[in-house]
Structure formats: structure tokens, C-alpha cells
4 protein chains.
Amino acid sequence: MKQDRLNVIVWNEFEHERENPAIRAIYPEGLHATIADGLRRTPLLGRGAVPLEVGIATLDQPEHGLTQERLDACDVLLWWGHKAHGKVSDAVVERVQRRVLEGMGLIVLHSGHFSKIFRRLMGTNCSLKWREAHEKERLWVIEPSHPIAAGLGEYFELPHEEMYGERFDIPAPDELVFTSWFEGGEVFRSGCCWQRGHGRVFYFRPGHEAYPTYFDANVQRVLANAVQWAAPRVTIADVCPNTAPLEVLSEKSGRFATAGVLQTRSDLE
Amino acid sequence: MKQDRLNVIVWNEFEHERENPAIRAIYPEGLHATIADGLRRTPLLGRGAVPLEVGIATLDQPEHGLTQERLDACDVLLWWGHKAHGKVSDAVVERVQRRVLEGMGLIVLHSGHFSKIFRRLMGTNCSLKWREAHEKERLWVIEPSHPIAAGLGEYFELPHEEMYGERFDIPAPDELVFTSWFEGGEVFRSGCCWQRGHGRVFYFRPGHEAYPTYFDANVQRVLANAVQWAAPRVTIADVCPNTAPLEVLSEKSGRFATAGVLQTRSDLE
Amino acid sequence: MKQDRLNVIVWNEFEHERENPAIRAIYPEGLHATIADGLRRTPLLGRGAVPLEVGIATLDQPEHGLTQERLDACDVLLWWGHKAHGKVSDAVVERVQRRVLEGMGLIVLHSGHFSKIFRRLMGTNCSLKWREAHEKERLWVIEPSHPIAAGLGEYFELPHEEMYGERFDIPAPDELVFTSWFEGGEVFRSGCCWQRGHGRVFYFRPGHEAYPTYFDANVQRVLANAVQWAAPRVTIADVCPNTAPLEVLSEKSGRFATAGVLQTRSDLE
Amino acid sequence: MKQDRLNVIVWNEFEHERENPAIRAIYPEGLHATIADGLRRTPLLGRGAVPLEVGIATLDQPEHGLTQERLDACDVLLWWGHKAHGKVSDAVVERVQRRVLEGMGLIVLHSGHFSKIFRRLMGTNCSLKWREAHEKERLWVIEPSHPIAAGLGEYFELPHEEMYGERFDIPAPDELVFTSWFEGGEVFRSGCCWQRGHGRVFYFRPGHEAYPTYFDANVQRVLANAVQWAAPRVTIADVCPNTAPLEVLSEKSGRFATAGVLQTRSDLE
């Protein structure tokens, strides 16, 4: 991060909007455009909030728009994907993972629960129950003092959303910020925080392509808050160093040594 | 699990012992043989402890000894690898991961911190500091009431071990059972528990091939306890079901539906 | 714990049932009698399950039925209280807390969220939203492989219950087993696990006195499972020992010592 | 919090310094004066860091210097106590606890592990092993990207400190920032974070009165960072509201109601 700006990329697979007129009618320039626009317009809130520089990237760009250079300069990446998870190159996924572990923030949206990058960072299947029935979702704030909940009431509602229900196959979140109530009878951990390496990961449930969810002011507030929360505090490259002792070792240290044994780690990779 | 036995497999890459006489002198039949023998001999301890049926598997066997059939019957898998992580087939790693997420227990030993299966389940690099200097390790019991600590004192010592030091690049463990003190001045979270899917994962730090660590009675007690702790409570295959509502949805449900939108999830994979 | 039995006490303030005919009609012998009966009848389930010896204790007994001797022999205590929290003596609360920290299990039921013992172990207010409107509660199993969920389906329902809604002012649970959906639109973390000292604490939401909740087979299964889960693994009395070094300290140790400084801790209490 | 300043109070029992010349020689104006001075001098670091307004409070002041009015204006309270925990009035402890649960930050220092306020917020004994032998402590940074570790190296050392060793009887911390290595052979979780209510609590181990620990630049950096981390994000007073349903309840709601039953909660306190 530069002192004065957070560099944000909104990534979208951008297929539904091109293929389906009903979805294009809602998001004519793509989900990413609406998400990015929401981030740009949402007023800064809270101690230490920093203005954003928001760019976009899509699946069809070279390297999906996520070159090493762009990622190196990125503070927080948002990820929307659904039907094209399999088209995302493993090399790009690995690159994103490395950046998260170094410190970059990652916000995974809705159907991104099945994206390669999210499953890889979680280590689990990330499965869930689902239903498309235009039903009401009410998101309850479980941790009102969490930075991601800043400026929200005790709950907020989305009149029509796809349903996601438990059990959601994720590692227990470090922090659970939202839990959703669905009209059809299910509940869902819909705002989940994890630390992975030096990076922060936030999963946010709403955002089905068939509804104007990303125009909702509360959803925009959550995403703006999440970007500030996920911004890197440090950037540290991965190392696995052979290190000298900090204390004098006793003479017994020599006893066990055998030529050939001491270097076994060196051929590790 | 059958009612009356836990089916355990000790997996070892089994290369050091064949290539290096100094290591073969310690573990003539392989590290796996000593680990398996320790599991067989350690008396059952605690409420609900079940006798073990212990088998072994090695890298050089067909499918590394981990066929689907064997894994399906396995309750707890122990994993020792070091220099040959790259030789383990991705297909077998994926198979093991799937079984863990279904409920199988996994115990990752020492240099297994860099194994494909551990990194995949953690989602992080799993890097650390290290040093081979035959130094003393003292493992402190942080949670004396954890089942994995049953029968141990407040700490136990290993006179010579490889050093692993923080920062250990793992997701914060669900439960931290042991923390090591090293003669050379480092500390390490040396006994860590995670739940992943329906399976339990335990990482245990000691066990460098150049030392007779797996002959140590306390180490054997830890592994025997960990097997009991990691044994499956259920086995549940992964699903991501489309489910009907449990409550009557209001009439508004119909309003937003558009042909072609409702089925978008079906082409997910 | 004796080898072969868990010693369980069901504690009840036992006031509603005596004062209110409508409630007495549901629980003629008191809520505790029904809870205890359910524990006695529910079949053992799962590896290591141990038969129970179930007793009861009530507010009006000498020392509320919780003498030091009885508590010392108790493995798991269940606690139902509502309108008489203030009548529970601080000395008994302190005694119960000490036993939990030593290893005894504690299961806090429904309106026990405001009991002195629960608030003391949590350190928070334990407040929540509530409403008595005879509405439907559906408890979703968030962790199907948790021992407390053994034998349950993906969810179970209670046709009429008091509503408790978030935010529930508790420390984030170590494990979240159930989350409730309410007909009126709220959600609640209704099955929460914590470790405190060497003891395990489980909070279970349902159980309003005006409904026959403790006759429900799923509720009885949860309580039976929770007793097995909460049973002590060890019993360790509290100490804060002054201990000798395990390693030889360098000569510098002497440099800083000043008479009178070294003993400051001894007058701590 | 005002927009532009954090209001900080350093509380000290202030007895050792008055009674013991050796300690007075190190901290002539009291530990609190040195701690407050360190906070005032340490440069702001990191996104969103806010200048501090630092005051002090001591045991011998009326209401221990912690009137309701002062606490209401306080963003972060630091607490140093050792030999006089028993002299702190329960009313003041309760007042501090209420403010933490509303959102005020609390930083508990060294022997404050046995303070009433810390034990009350933790719910455990907070016992540990200890030894005064002027030995070396090395604090390892377990989470380098945690805001409290900003500006530190991989570890830092204190040449002479009292030893605290595991097991430390606390609820498992939400975040473990530091773990200490001691010359005499012990380890300790020496920087621990918890959320309680809407407030953040940080325990920091070093700071025995017989050593000049609070003059150490790394210690000062940790405390300055911790104040920023612990500053309130919101302030929310405790309520336990009876709330109306958000959804239309089915007709069955009326079936179970009985006069006298519906009001039982009102006499709760």
C-alpha cells in the first residue's frame, strides 16, 4: 500500500452478463462494474479508512487480468465467479494464493465459494445447500463491533436472493460477522473472516447474478468496510530459513552428528 | 470404524533409511515400522479408547500403498515425508484430502509440514525456521485436559532433535496442545489440532530421521492419544444439494423469475 | 469419574413449576425431573459413551443441593434457572466455578444464559433478544461431526419455543454446533462450546418452561451427547507455583538481585 | 473516541515503588509514569494510528481514579497491579468490566494476570508458573502481520525478567501474538488477544517491577501498538430487549399462550 491509497482489483468471470439478457439487464457493464462503482462511491468510514483506487479484471483478459505485476501492486482483490471456475488457470490461482499469503487481502463473493482460489485457501470442499427461489434474506450482525459491520444496523434485508444453507463446508471462521436468515427456513454463516499467511480473507454470501444485490447500499457498505479491513498490514515473502542458534549450545551437540545426516534438509525441494 | 477396532495406516516415504547408513542404523526397518510398533505397544488410555489395527504404506508401493479401497477402510492415517514430497502423486493427495474431509483422521509428522497433503489442507506455505544441531527440545503441555495430552506430565524432553522455530506459517490452530522450547533459543507450536471438513488433523513436530525420537515413550503416548482423538465420529460424503424450501414462500417469489436465470447453478461444474 | 459411570446432577431453580399451574401441567415434577428422566432413557451412542448416574438438585435445598462433597463427586452439572438467578448464593457459584475450572463439565440451559455461573465463566453480559410468541424454532447442525450432534439429522424443529435472537453477548464459542432459525425472522447461535480451565461448557438454547421441549427426543439426544462430551478428562486443582529453573542460568542472574525484591510475589494473596 | 485523539488511562496500584527503594530507584515516579511516558513518546505507526491523550490513575485516589465519568471518556485502559489486587473495590472492577463490554479497550500488564478485572473477564483462575531469577526472556512474534507486532523484528529480548511459564490458565486466546522463551527452560503465551463484549483485551506478559522493562523500546512499541488496536470501534450499552417479530407468525401462535406465562421474563432482574 502506498501511504494514501488502497489499490483494489475487482475480478469477475463476466460470462452470465454476456450470455443472458436477463442478467445483462441488471448488470449491463458486468457485475464487476457495479461492484467497483459501489466501492468508489461509498463514503469512507472509521478510523484509518483510506481512499481507494479501484480497477477491474476479467477472465477473458490475458492472464485473466492478474499479471504478477498487477497483483504485486494490489492491496485487496475481490473475486466473483460462478460458472467458469474451471476456466481459471492454475498458474494464476497459485499466484493469487502466494500474494494472499504474503499479505494481500481477498474478498470472495457469493458463488466464489466454489472458486479454485477459495477452496485452495480453505483446504475444504466449500459445499453448501442452495436454492433459487427469489426469497428474502435477512443478514444479522453477529459482531457489531467488527470493522466490517461499521455503519450497519442490527440486521439488513435483501428482498430476493438465492438461498445458501448450512452446512457450509469451511474451516470454522476466525470471526463470524454475519449470519443469514432465509424465508425458506435455512440459516447460513454469510460473513466469515480468516487469516491465511499474512493475508486476510473475507467471504460474503450475497450477490447472485439474477438480483440487483450489488446496488444495495448495505451490501456496498459491507464491501467497502471489508476492503479496509483486508488491506495488508505487512508484506512478507515466504522463506523457510536455516538459522543459527541464538544461545550457546552445550557440548553434547557434537555427539550425534554424522556426516551426511546434517544436510538432509538441503535437498528438500 | 468397525465397532471394536480403529484401522490405522502409517505412511512413510522410506528413502532416508534406504540411502543413509546412519539413519538405517536407527530405524533399520524404516521409521514407519517403529511408529507402527509404538502404536501397537502403547497401552490404551482413557474413556472410549479402542484397540488399533495398524498397517503401513510407503511411497514405492503401487499408488503409494494408498488405494481408494485401503483409504476407504482407514480411520486414521499418519504421514512421514521429508525429501520426496514432490514424488507423491497429485491423484493420491487428492484422494487423501477427500477422505479427510469425509471424516478420516490425519496425523502429520515433523517434516511432513511441507507435504502436499498438509499444505493443501492448511492452504498456507507451512514454512518455518529450522536447524540441525542435535539440541534439546522440551515440549510443554499447554492444554493438560486435551485428550492428546493424556498421561503426560507438565512437559517432556527430547535430548536431541532438529530445531523448528516460529513463525510457523499455518492457520491458527483450533487447539494448541504443545509448545516447544529449544536449547538454541527458539519456540514452536509443536502440537496443533484442526478440523477440516468432518476430519481431524493433528500436526506433531518431533521426529527427525537422525534421532531415535519414535522410540521415546512420551512421543509414543502422544501418537497413540492422537490416533484415538482423530478417529472419525462420522463419515459424510461431499454434496452440494439443491434443496426445496422448508417454509411456504410468499407469493412474491414468482415476481423475479426469468426463464434461463433459475438454472444457472446447474452448469456449475 | 469412576471407570464405569458418569455422575450427573441436574440443577433446577424449581419455582415456575410450583407457582404457575400452566407450567406445572407440563412439568408436574419439575423441569429437572423431565431432564433427568430423558438422560436416563436416552440410549448410549458413540465410541466411549458411559452409562449415567443422574441425580437432581434444587435452589431450595441446603446449599442449593450443591455441597462441596456432591460437587467433588460430580462429573457433569446441568443448570436450569430463570427468574431466581439472584437467589443463588455467591459461595455456591464460586464453588461450581472452581469445579468447572478443575475439570467438571457444565451444561447451561436456555434462560440459564443469565445465571451467575454462566456470566462468571463467560465474563460477558450474555444478553440477547427475546420474545414469547409460541413460534417455530429450527435448529441447524453446523458441525455434523461434533460429538454433540451425533445421531441427529441436518436439522430438527421445535414447534413452539420462546425466541432468542442475536446478538448474543458471549465470547465467540470455541465450537458452534447449532444455529437456530426462528419463524419470526431471527437467528441464534443455539449450541455453543467453550473450554474454561480444564472443564468444558456447553450452552443449549431451547427449553422455555412454557413448552414441553424437554420431552422432545432430539433435545434429549443433544443433552445426552453433551453430557458425554463434557465429562472430565482430567481433574487438576488450581496452583500457581514458584518453580526452579530446568536449565542452568548464566552467572548474570546474580547481578540484578536486591534483597527484598525477590520475594515480592510471596505476598500476593 | 473523539475523532482525533485516543483517551488513554494508565492505572497502577503504585505500592512497590513507594515501599521498596530498589524499585523506586528504577521507577522513581511510579511504573505508570514510565508507561505513560513511553506511550507519549512512541511515534505513531501504521494506517489509522491516532495521537494519544495519556492520563494516569492509581489505587490510592478516590474510586482508584476510575470514576464513572473518567471511564466513560476513556478509550483504552492499561492495568498494572501485583500485591494489592485485593484492595481494588468490587464496584470499580464492575464498572471497568461494564465499560470493556461496551467497547473500551483494556491492556493487562504482567502481574495483572491475577487482577480482579482480568480474572472476571476471562472467567478462569489465570494461574501460571513463576520464578524471579533475573533471567533472559526472548519474545517471538507468532503473528507478524498482527497490528500489535507492527515495527518489531522476528523476536526481541529482555535481558532480565521474572519468568512466567505454562500452563497459563486462560481461555485460548482469539489471537496469539507473542510466545516467550525463557533461559530457565519454560515457554509462555506472552501476548494474547481476546474480544469480550464490544471491547478488546490484550494481555502482555513482561513488566516485573524489579526490572527496567518499561524503558525498553520494543516493549514501548508493543504497548503503543496495543493501544491503537484496542481502541473502540463502537460503544454499545448492554440491553436484553423484548422484540416484536419481523415476519408474520402463523395462526398457531395463539394456541399455546396462557395468561401469566408470557410475562415471566419481565421479573428477571
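The model is a predicted one, in which local features need pLDDT of at least 70 and side-chain atom pairs count only at pLDDT 80 or more, while totals for chains, interfaces and linings use all residues. Residues are numbered from 1 along each chain as its sequence is written, chains are lettered from A and ligands numbered from 1 in the order in which they are written, and side-chain values use heavy atoms, with hydrogens and water left out.

The secondary structure of chain A comprises 7 helices and 9 strands, where helices (H or I, at least four residues) and strands (E, at least two) are DSSP runs numbered from the N terminus. The C-alpha trace of chain A spans about 75 × 40 × 40 Å along its principal axes. Of its 269 residues, 66% count as buried; buried denotes under 20% relative accessible area, exposed over 50%, and partly exposed the range in between, with a 1.4 Å probe and protein chains only. Among contacts in chain A with a separation of 6 or more, 72% come from residues 24 or more positions apart, a contact being heavy atoms within 4.5 Å.

In helix 3 (residues 31-41) of chain A, the buried residues are L31(A), H32(A), T34(A), I35(A), A36(A), G38(A) and L39(A). These buried residues pack against strand 1 (6-12), helix 1 (16-19), strand 2 (52-58), strand 3 (76-80), strand 4 (105-109) and helix 7 (217-230) of chain A. Elsewhere in chain A, H134(A) is found in strand 5 (residues 129-141) and counts as buried because its relative accessibility is 3%. The side chains of H134(A) and Y211(A) are joined by a polar contact of 2.7 Å. A polar contact is a pair of N or O atoms within 3.5 Å; within protein, one must be able to donate a hydrogen and the other to accept it, and residues adjacent in sequence count only if both atoms are side-chain atoms.

Helix 7 (residues 217-230) of chain B has 14 residues, which at 1.5 Å a residue should span 20 Å, and its end C-alpha atoms are 20 Å apart, in agreement. The expected span is 1.5 Å times one less than the number of residues. Since 12 of the 14 residues are buried, helix 7 of chain B is largely enclosed by the rest of the structure; the buried residues include R221(B), N225(B) and W229(B). At the N-terminal end, D216(B) caps the helix through a side-chain oxygen 2.9 Å from the backbone nitrogen of N218(B).

Two packed helices are described by the angle between their axes and the distance between the axes. Helix 3 (residues 31-41) and helix 7 of chain B pack at about 75 degrees, with axes 9 Å apart; axes are lines fitted to C-alpha atoms, for helices over the stretch in contact, and angles run from 0 to 180 degrees between N-to-C directions. That makes the two helices of chain B roughly perpendicular, a class covering 65 to 115 degrees, whereas angles under 35 count as roughly parallel, over 145 as roughly antiparallel and the rest as oblique. I35(B), G38(B) and L39(B) of helix 3 meet Q220(B), L223(B), A224(B) and V227(B) of helix 7 in chain B.

In chain D, helix 3 (residues 31-41) and helix 7 pack at an angle of about 75 degrees, with their axes 9 Å apart. The contact is made by I35(D), G38(D) and L39(D) of helix 3 and by Q220(D), L223(D), A224(D) and V227(D) of helix 7. D216(D) caps the N-terminal end of helix 7 of chain D, with a side-chain oxygen 2.9 Å from the backbone nitrogen of N218(D).

I142(D) lies in the loop between strand 5 (129-141) and strand 6 (155-165) of chain D and is buried, with a relative accessible area of 0%. Beyond its neighbours within four places in sequence, I142(D) is in contact with E166(B), R167(B), R189(B), L176(D), V177(D), F178(D) and T179(D). By contrast, N242(C), in the segment after helix 7 (217-230) of chain C, is exposed, with a relative accessible area of 51%.
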